[in-house]
Amino acid sequence: MEIKVEMTRNPKAKPDPDKLGFGNYFSDHMFIMDYTEGKGWHDPRIVPYGPISYEPSIMVFHYGQSIFEGLKAYRTDKGEVVLFRPDENMKRLNASCDRLCIPRIDEDFAIKALKQLINVDIDWVPSQEGTSLYIRPFIIATDPYLGVRPSYTYQFIIITGPVGAYYKEGINPVKIYVETNYVRAVIGGLGQAKASANYAASLKAQEVAKKKGYTQVLWLDGIEKKYVEEVGTMNVFFVIGDEVVTPALNGSILPGITRKSCIELLRHWGVKVSERRISMEEIYDANEKGQLREAFGTGTAAVISPIGELNWNDKKIVLNDGKIGELSQKLYDNLTGIQYTKVPDPFNWVTKV
Ligand code: COI
């Protein structure tokens, strides 16, 4: 399929690279492709970024058939622009499609479209230390219809925009509130899909945690509320003695690409990583025994985010004196080093646009 390109006649001024924050600015163009039952995906196009008009009856507004991805393009010291494991994002997008009865996309074509879009807006990829171009592919149901069934039409859209750190803390430790009332997902639900609905489900607890002075919530399993699942926008790891533990992908946890990359890096370094069930009790016990050395979250937006404090039922623990741990720092340095091509990439994770 040929991708039609319509260039903007009104390029926007670029934002101040020191004041990007996350998710505030959008590049000049976006990619759109339509799906119609019987015809498949069609009419791929790159057009000026801007408002799109829909009928108020389209199904995504009512029944939430909406999934997304998040990845980044990085500007290297040589001025080149690279992507980190985009194949993994497209694979996961298709897994989300399957769960939400959305027709699959052609992964290679989606990567080609993504690269073309980034090339059109290449000047939007920032070069300041710690910045990148965040890429948000998403699919929504567009049938103007109110019966409950999967839509017969969809749009696959990719928008991009320059970003800095996701958390105001940057690489400094964040405070995490362990949520014991609300749940994010249960096995059999949408938890392992990157469904917009999961984020809607998380907002209430997030708001409560914020009011108490915490940056994010740590979700527990939806049945017993005993076992750790993930943190708001990240997967989570604990360093206990010489073992690194992260919750196993049990069906209700998002299979993070940064999670997977950290596991692969740690194993490559000979560090013992266990993907298993881990309870809050075990974490607090390990802390009592002086064995809980570090905890950190992983995510595309958040990168590696050390956890400085946990609050579980008002029992607070401070990790590593509230400072970034040695392993968190090593992972951060190596992961971002690979992403910005500053260190060798033994896994071939990075690809030029
Ligand atoms: C990402 O890390 O890219 C995500 O999708 C999390 C997001 C909700 C900010």
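Predicted model: local features only at pLDDT ≥ 70, side-chain atom pairs only at ≥ 80, totals over all residues.
Which side chain meets that of Glu80 in a salt bridge? The partner is Lys352, at 3.5 Å from N to O.

**View 1. Glu80 and Lys352 join distant parts of the chain.** Glu80 sits in the loop between β5 (71–75) and β6 (81–84), while Lys352 belongs to strand β18 (residues 350–352), and the two are 272 residues apart. Glu80 is partly exposed, at 31% relative accessibility, and Lys352 counts as exposed at 52%. In the whole structure, a search finds 17 salt bridges.

View 2. Arg85 lies in the loop between β6 and α2 (86–99) and Glu264 in helix α5 (residues 257–268), so their pairing ties together parts 179 residues apart in sequence. Arg85 is buried, with a relative accessible area of 8%, and Glu88 is buried too. Glu264, at 26% relative accessibility, is partly exposed. Follow the links onward and you will meet a network of salt bridges made of Arg85, Glu88, Lys91, Lys260 and Glu264.

View 3. An N or O atom in the Lys194 side chain is 2.8 Å from a ligand oxygen. The backbone takes part as well: a polar backbone atom of Ala301 is 2.8 Å from an oxygen atom of the ligand, and a backbone N or O atom of Thr300 is 3.3 Å from one. Of the 280 Å² of accessible area that the ligand has on its own, the protein covers 91%.

**View 4. Thr246 is buried in strand β13.** This strand spans residues 243–247, and Thr246 has a relative accessible area of 1%. A polar atom of the Thr246 side chain is 2.6 Å from the backbone oxygen of Val236. Beyond residues up to four places away in sequence, Thr246 touches Val236, Phe237, Arg259, Ile263, Ser274, Glu275 and Arg276.

**View 5. Thr8 in the loop between β1 (4–5) and β2 (29–36).** The Thr8 side chain reaches the backbone nitrogen of Asn10 at 3.0 Å. Apart from neighbours within four places in sequence, Thr8 contacts Asp28, His29 and Pro48.

**View 6. Tyr63, Leu146 and Val148 make a nonpolar surface patch.** The patch has an area of about 330 Å². Val148 is in the loop between β7 (132–141) and β8 (153–163) and is exposed, at 72% relative accessibility.

How values were computed:
Residues numbered from 1 in each chain as written. Heavy atoms only, no water. Patch = residues over 30% accessible without salt bridge, like charges linked within 9 Å, V, L, I, M, F, W, Y side chains within 5 Å. Areas by Shrake-Rupley, 256 points an atom, 1.4 Å probe, with all protein chains shown as cover. Salt bridge = Lys/Arg side-chain N within 4 Å of Asp/Glu carboxyl O. Helix = DSSP H or I, 4+ residues; strand = E, 2+ residues; numbered from the N terminus. Buried < 20%, exposed > 50% of the residue type's maximum accessible area, 1.4 Å probe, protein only. Polar contact = N/O pair within 3.5 Å; in protein donor to acceptor, adjacent residues only side chain to side chain. Contact = heavy atoms within 4.5 Å.
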